[in-house]
Amino acid sequence: MHAGRADFVGLGRVALSYPELPADVLAGRPLRRKLVCRTFSDCTTAPRGGLVSGCYPLDSYYKSLPEAQELARLKSGDPDVSP
């Protein structure tokens, strides 16, 4: 870092739960804390179960997918459980 600037910024899984974060920061908008990743690990558990990666708990798009029910079943460890 030199003169208050960064060469690189990594967002990691927060980009899945809060994809608008860079635009909000650049526009000077306040941080929407409810969208910041809470490390529920659904974004990594889903692909291990053959499902698409995404933020199922915080993103309404992923929450509404049929895969959300399958992910809940995978996380429970019970093949017959549905949310």
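**Figure 1. Aspartate 24 is a buried residue in this predicted model.** The relative accessible area of aspartate 24 is 4%, where buried means under 20%, exposed over 50% and partly exposed in between (1.4 Å probe, protein chains only). Arginine 29 forms a salt bridge with aspartate 24, and their closest N and O atoms are 2.7 Å apart. The term salt bridge denotes a side-chain nitrogen of Lys or Arg within 4 Å of a carboxyl oxygen of Asp or Glu. Arginine 32 also forms a salt bridge with aspartate 24, at 3.1 Å between the closest N and O atoms. Both arginines are partly exposed, with relative accessibilities of 45% for arginine 29 and 38% for arginine 32. Aspartate 24 and the two arginines belong to a network of salt bridges that also includes Glu20. Over the whole structure, the search finds 5 salt bridges. Residues are numbered from 1 along each chain as its sequence is written, and side-chain values use heavy atoms, without hydrogens or water. Local features are given at a pLDDT of at least 70 and side-chain atom pairs at pLDDT 80 or more, whereas totals for chains, interfaces and linings use all residues.

**Figure 2. A salt bridge joins aspartate 42 to lysine 75.** The N-to-O distance between the two side chains is 2.6 Å. Aspartate 42 belongs to helix H3 (residues 42-48) and lysine 75 to helix H5 (residues 66-76), so this pair ties together parts that are 33 residues apart in sequence. Helices are DSSP runs (H or I) of at least four residues, numbered from the N terminus.

**Figure 3. One cavity of 30 Å³ or more is found in the whole structure.** A cavity is a set of points on a 1 Å grid over the protein atoms alone where a 1.4 Å probe fits but cannot get out; lining residues have an atom within 4 Å of a point. The largest cavity holds about 80 Å³ of space, the volume being that filled by probe spheres set on points joined across faces, edges and corners. Its lining comprises 15 residues, and Arg13, Cys37, Phe40, Cys43 and Cys55 lie nearest the centre. Helices H1 (14-17) and H3 each contribute at least two residues to this lining. By class, 8 lining residues are nonpolar, 4 are polar and 3 are charged. For this count, Ala, Val, Leu, Ile, Met, Phe, Trp, Tyr, Cys and Pro are nonpolar, Asp, Glu, Lys and Arg charged, and the others, Gly among them, polar.

**Figure 4. Aspartate 59 is buried but has no salt bridge.** Aspartate 59 is located in the loop between H3 and helix H4 (60-64). The nearest side chain of opposite charge belongs to lysine 63, at a distance of 8.4 Å. A polar atom of the aspartate 59 side chain lies 2.8 Å from the backbone nitrogen of tyrosine 61. Tyrosine 61 is part of helix H4 and is exposed, with a relative accessibility of 52%. From tyrosine 61 to arginine 48, the C-alpha separation is 20 Å in space, and the two residues are 13 apart in sequence.

**Figure 5. The side chain of serine 17 lies beside the backbone of leucine 35.** Serine 17 is found in helix H1 and is buried at 4% relative accessibility. A polar atom of the serine 17 side chain lies 2.8 Å from the backbone oxygen of leucine 35.

**Figure 6. Threonine 39 and serine 41 have positive phi values.** Most residues other than glycine have a negative phi. Threonine 39, which is not a glycine, has a phi of about 55°, and serine 41, also not a glycine, has a phi of about 75°. The loop between helix H2 (21-26) and H3 contains threonine 39, and serine 41 likewise lies between H2 and H3. Threonine 39 is exposed, with a relative accessible area of 51%, whereas serine 41 is partly exposed at 27%.

**Figure 7. Glycine 49 lies in the loop between H3 and H4.** Its relative accessibility of 36% places glycine 49 in the partly exposed class. Glycine 49 and valine 9 are 40 residues apart in sequence, and their C-alpha atoms are 30 Å apart in space.

Definitions and conventions
1 Å grid on protein atoms, 1.4 Å probe; cavity = no way out; pocket = protein on both sides within 12 Å on 5 of 7 lines; lining within 4 Å. Lys, Arg positive; Asp, Glu negative; His and termini not counted. Polar contact = N/O pair within 3.5 Å; in protein donor to acceptor, adjacent residues only side chain to side chain.
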